[in-house]
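Subject: Handing over the model, with notes on its architecture

Dear colleague,

Here is the structure I promised to pass on to you. Please open it alongside this message and read the notes below with it in view.

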Amino acid sequence: RVNIGLDDDDILILNPTRVIDRKGIEYAIDLVKRLNDTRYKLVVSHEGEDEGSQYAKWLTGYAEEQGVDLRLLKVKIGDPLSLNANNQTDYSLWDIYPYTDFITYPSLYEGFGNALLEAFYYRKPVLVNRYSIFVADIEPKGAKVIAMDGYLTKDVIAKVQRIINDAEYRQEMVDFNYEIGKAFFSYSVLRRNLRALVTNFTGQDNL
């Protein structure tokens, strides 16, 4: 487990992205501000220095202004199945997700959105800013998320509060999303679709 210094009664809000401006992390800060409870801690899982540090510095200052406890992880979060130069595993999202209470995914745009599927896999409730690929390819499958359209409304805040506080409602939602992920985005689905493509192209089933 990655030690980020939380107390037992803290509520971990995870933004599982790099710290780059298209990820819209300021929306996650605004969410925690409006939840108005000092138990809420916002953790961002990846660094983003490959695209400069100005956004991270701005986020840190903005969180301080809003009175939000923001933790930008300084440990390397890597592929959970890979080994580093010392032949050891790095910390991965597998070390963070089990302890997470709620996921924020307020990206302005994404190529697809693997972190969203990871949230489904780990049965975690999630707030999604309705980026175009989500609207086109994921939302039509019926996934149950708390959706925002570029801004946080009172209704969105109320839904987040309910899903964190209502265990039965939350469990129903995350179990449903897990089944959605398994039905439409699993490796078995990918394998089946690739087999069909290869067969149509070559006339042989090579997978």
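The notes that follow go from the overall layout to the sheet and then to the helices.

Please keep in mind that this is a predicted model, in which local features need pLDDT of at least 70 and side-chain atom pairs count only at pLDDT 80 or more, whereas totals for chains, interfaces and linings use all residues. Residues are numbered from 1 along each chain as its sequence is written, and side-chain values use heavy atoms, with hydrogens and water left out.

The protein contains seven helices and six strands, where helices (H or I, at least four residues) and strands (E, at least two) are DSSP runs numbered from the N terminus. Along the sequence these elements follow the pattern β-α-β-α-β-β-α-β-α-β-α-α-α. Of the 207 residues, 40% count as buried, a term that stands for under 20% relative accessible area, with exposed meaning over 50% and partly exposed in between (1.4 Å probe, protein chains only). Among contacts (heavy atoms within 4.5 Å) between residues at least 6 apart in sequence, 64% join residues at least 24 apart.

The six strands form an open sheet with parallel pairing, in the order β3-β2-β1-β4-β5-β6; two strands are said to pair if DSSP finds at least two bridges between them. β3 (70–72) and β6 (146–148) stand at the edges with a single partner strand each, so one side of each lacks a neighbour in the sheet. From one strand to the next the twist averages 20°. Within this sheet, β4 (residues 102–105) and β5 (residues 126–129) are joined in the parallel sense over three bridges, with Thr104 having Leu127 of β5 as its bridge partner and Tyr105 standing opposite Val128 in β5.

Helix α1 (residues 25–35) lies across β1 (11–15), β2 (40–44), β3, β4, β5 and β6, and runs at about 170° to β2. The axes of α1 and α2 (residues 54–66) come within 10 Å and cross at roughly 10°, where axes are lines fitted to C-alpha atoms (for helices over the stretch in contact) and angles run from 0 to 180 degrees between N-to-C directions. The two helices α1 and α2 are therefore roughly parallel to each other, given that angles under 35 degrees count as roughly parallel, over 145 as roughly antiparallel, 65 to 115 as roughly perpendicular and the rest as oblique. Their contact is made by Ile25, Glu26, Ile29, Asp30 and Lys33 of α1 together with Tyr55, Trp58, Leu59, Tyr62, Ala63 and Gln66 of α2.

In α3 (residues 114–121), the buried residues include Ala115, Leu116, Leu117, Ala119 and Phe120, and what covers the buried residues of this helix includes β4, β5, α4 (132–138) and α6. Just after α3, Arg123 takes a positive phi of about 55°.

Finally, the axes of α5 (residues 154–165) and α6 (residues 167–184) come within 5 Å and cross at roughly 100°, and α5 and α6 are therefore roughly perpendicular to each other. Here Arg162, Ile163, Ile164 and Asn165 in α5 meet Ala167, Tyr169, Arg170 and Met173 in α6.
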